[in-house]
Amino acid sequence: MKTTREFSLFLLLAPFCWLAISPQLNARPLANLPSVEASSSDSSLPNSKSPEPAAPESGSIREVIDDRYKVRYQTWKNEFLSTDIGRAQWEMYAHHPRLVLTITIAETNPNGAATGRYKWNSNGELIAATIVLGRQVDQGYPSSVYYPVMNALEPFESKQLIGGSVLAATKIAHEFGHVMKISGTPESLYRLQVQLVPVYNKIFLSNGYNTSDPRLVELAQKMGGNPVEIWEDREYWGEANAMLFLRDRVAKERFHCKLFNKIKRTVEEYAKGYEERFAEIAKSQGASYSCSWR
Ligand SMILES: [Zn+2]
């Protein structure tokens, strides 16, 4: 069964977006099932020394970067801002009417990144989110199964066609994709998923991995999918935004179509049900850069 296979596949994946694994499941490696990202009260995000923003009236980007990492962070940020889409998204959050987006660098999970600490106001609007970048986010390529865009860069770096800062900026774009997606997710649905995913996982582990169990079918209906479906949908939205960044970043590079064709092949192999969101971005390249993605 596809879902069971996906659960098994998940066991093989390095936790690129490590907030996607709840602390409880981390403590039980055999129960390494997807969970939803931690809630704003979750303690698995590294502690920031800066205080949380208090009920902001207008949004901004707070960059909480340790002195040790300021030079590398600026390089990654400059790379992100070298594209039209990177500048547009940065400006959107820098002058956002409500949302305070905190960006910081953590010691843990050096090659990964995560987004969490979400807060909503009483109108149900997202007012806070935190992106945590690994201190070596310019290295390391996550699995092609759930990260078809970031993974596709690997051969181009080994051929010295791109540098690590492009990889880092692509990871930043992936996390921005998470923020944008969660901005459009009702708080009630997010809270429901945080609450029900552990319940689902517990039953799944005790019923012989039977996803047809009526209890699991009902839980999946309530929260809009089983834990893998919820998790992969979020990751593929992150990847779609990463692709949007790369569309601009490599538009004038000779290997442009090679990169996009590699993404296309991986999406067709592992993410067929999500192909449309990637195809739309590929089609938006403009006539002069149209590759074979149709
Ligand atoms: Zn992610």
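Trainee: Where is the place of Tyr-209?

Mentor: First off, this is a predicted model: local features need pLDDT of at least 70, side-chain atom pairs count only at pLDDT 80 or more, and totals for chains, interfaces and linings use all residues. Residues are numbered from 1 along each chain as its sequence is written, and side-chain values use heavy atoms, with hydrogens and water left out. Helices (H or I, at least four residues) and strands (E, at least two) are DSSP runs, numbered from the N terminus. With those names in hand, you'll find Tyr-209 in the loop between α8 (187–206) and α9 (214–223).

Trainee: What is the phi of Tyr-209 near?

Mentor: Most residues other than glycine have a negative phi. Tyr-209 isn't a glycine, yet its phi is positive, near 60°.

Trainee: How does Tyr-209 count by relative accessibility?

Mentor: Buried means under 20% relative accessible area, exposed over 50%, and partly exposed in between (1.4 Å probe, protein chains only). Tyr-209 has 46% relative accessibility, so it counts as partly exposed.

Trainee: And where does Asn-109 lie?

Mentor: Here's another residue other than glycine with a positive phi, near 45°. Asn-109 has a relative accessible area of 25%, so it is partly exposed. Its spot is the loop between β2 and β3.

Trainee: Let's do the sheet. In what order do the four strands come?

Mentor: Two strands pair if DSSP finds at least two bridges between them. The edge strands, each pairing on one side only, are β1 (60–64) and β3 (113–120). The sheet is open and its pairing is mixed, with the order β1-β2-β4-β3.

Trainee: Which residue in β4 is the bridge partner of Thr-104?

Mentor: Strands β2 (residues 100–106) and β4 (residues 126–134) pair in the parallel sense over seven bridges. Along that pairing, Ile-103 stands opposite Ile-131. For Thr-104, the partner in β4 is Val-132.

Trainee: At about what angle does helix α4 run to β1?

Mentor: Axes are lines fitted to C-alpha atoms, for helices over the stretch in contact, and angles run from 0 to 180 degrees between N-to-C directions. Helix α4 (residues 84–94) lies across β1 and β2, and its angle to β1 is about 100°.

Trainee: At roughly what angle do the axes of α10 and α12 cross?

Mentor: Two packed helices are described by the angle between their axes and the distance between the axes. For helix α10 (residues 227–249) and helix α12 (residues 275–283), the axes come within 10 Å and cross at roughly 10°.

Trainee: So is α10 roughly parallel or roughly perpendicular to α12?

Mentor: Angles under 35 degrees count as roughly parallel, over 145 as roughly antiparallel, 65 to 115 as roughly perpendicular and the rest as oblique. The crossing is at roughly 10°. That makes α10, relative to α12, roughly parallel.

Trainee: Which residues of α4 make the contact with α3?

Mentor: The axes of helix α3 (residues 70–81) and α4 come within 6 Å and cross at roughly 110°. That makes α3 roughly perpendicular to α4. Contact means heavy atoms within 4.5 Å. From α3 the contact takes Tyr-73, Lys-77, Phe-80 and Leu-81, and from α4 it takes Gly-86, Arg-87, Gln-89 and Trp-90.
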